[in-house]
Amino acid sequence: MGATGRMRALGVSAAAGALLLTGCGDGGDGGGGSDESYSIGVTQIVSHPSLDEAREGFKQAFEDAGIDVDWDEQNAQGDQATASNIAGTFATSDLDLIHAVATPTAQAAAQQITDTPIVFSAVTDPEDAGLVDSMEEPGANVTGASDLNPVHEQLELLQEIMPDAESVGVVYSSGEANSAVQVELLKEAADELGLEVEEATISASSEVQQGVESLDADAIYVPTDNAVVSALEAVLQYGQQNDVPVVAAEGDSVVRGAVATYGINYQQLGVQAGEMAIRILEDGEDPADMPVETQEELELYVNPDAAEEMGLEIPDEVTERADVVVGDDVEPEDPAEAGEDEE
């Protein structure tokens, strides 16, 4: 990544994450690029900037294509039982397609819906989660775009900005399949790089602070765990108070106050999933034969101010090659405010 791609302010990313769910159909106004009008259900496990951007990117793909859509958007507010209820409602609704944002909602939908196409986004390992037979040949009515993150490269970045680090801590949800996959990748990468890993498991966002306080590590790694990212401020506060740098798995967490990451663009991931959905609806492609897609291009995010608050200085050579340098004028989104008007 070169300096030519650098953005000194990330207002566009923060603004995209701030778009809210309505909890009801809002009607498409894409301009009539297709004679068809579709009804699409969106089920999202919880609100935080990355998932919100994936959702909005999915809708953007239809808007860009000029396709009229009646959207039924639902949010489980982090509760798996609610996600299951939403899936049950969608199963009896006259929907043309379902977009599932994140692993828990995708699993809930796949368990109850077998005759309507399901296109997911922000699912780390759809094969391990039981959503597809394989990445190349999903095999049923479910496919989508994976947000599998480059854990090894992210740990190498940690070592580059903190050469003296000997251990890294991680808090994750014991019941979230994508989190378990990432922690296994973290352990493998740490072993290769000579780092020790300390773990703390949680079952809800309310336990994040207790989990992070139980760690005794030189740095903290935040995976794309929905419960942890929803309560990221508790992790950041711990890092600031104890001079323990926090490295994230995705860029929005860096905007909110983590030190750095190599991450994907969740807005673009959503667009990618939306384009897959359009091929299903408009071109008649079969999800069973559509390989799960990933995002090849990664972006280097750094937050020098956050690093300073955690007792660390990011080397100039890292900042100079960053794609996104978060500055004081970038306002991170408050997830509580983002979700306060949702139903």
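**Strands and a charged patch**

Mentor: In this predicted model, five parallel-paired strands form an open sheet, ordered β2-β1-β3-β4-β5.

Trainee: What makes β2 (68–75) and β5 the edge strands?

Mentor: Each of them pairs on one side only.

Trainee: How are neighbouring strands of this sheet turned against each other?

Mentor: By 20° on average, with direction ignored.

Trainee: How do you know that strand β3 (residues 97–101) and β4 pair?

Mentor: Count the bridges. Pairing needs at least two. β3 and β4 have four, in the parallel sense. Therefore they count as paired. One place to look is V101, which stands opposite S121 in β4.

Trainee: Why are β11 and strand β12 (residues 324–325) called paired?

Mentor: They share two bridges, in the parallel sense. The cut-off is at least two bridges, so the pair qualifies. In β12, V325 is the bridge partner of V302.

Trainee: Which strand does β10 (residues 260–263) join, and in what direction?

Mentor: Strand β11 (residues 299–302). Four bridges link β10 and β11, and the two run antiparallel. A260 has V302 of β11 as its bridge partner. V302 also has a bridge partner in β12, namely V325.

Trainee: What makes E127, D128, D133, E136, E137, D286 and D289 a negative patch?

Mentor: Asp and Glu count as negative. The patch is formed by those seven residues, each an Asp or a Glu, so the patch is called negative. Members of a patch have over 30% relative accessible area and no salt bridge, and like charges are joined within 9 Å.

Trainee: Where is D128 found?

Mentor: D128 lies in the loop between β4 (118–123) and β5 (142–146).

Methods: Residues numbered from 1 in each chain as written. Predicted model: local features only at pLDDT ≥ 70, side-chain atom pairs only at ≥ 80, totals over all residues. Heavy atoms only, no water. Patch = residues over 30% accessible without salt bridge, like charges linked within 9 Å, V, L, I, M, F, W, Y side chains within 5 Å. Areas by Shrake-Rupley, 256 points an atom, 1.4 Å probe, with all protein chains shown as cover. Salt bridge = Lys/Arg side-chain N within 4 Å of Asp/Glu carboxyl O. Charge placed at Lys NZ, Arg CZ, Asp CG, Glu CD. Axes fitted to C-alpha atoms, helices over the stretch in contact; angles between N-to-C directions.
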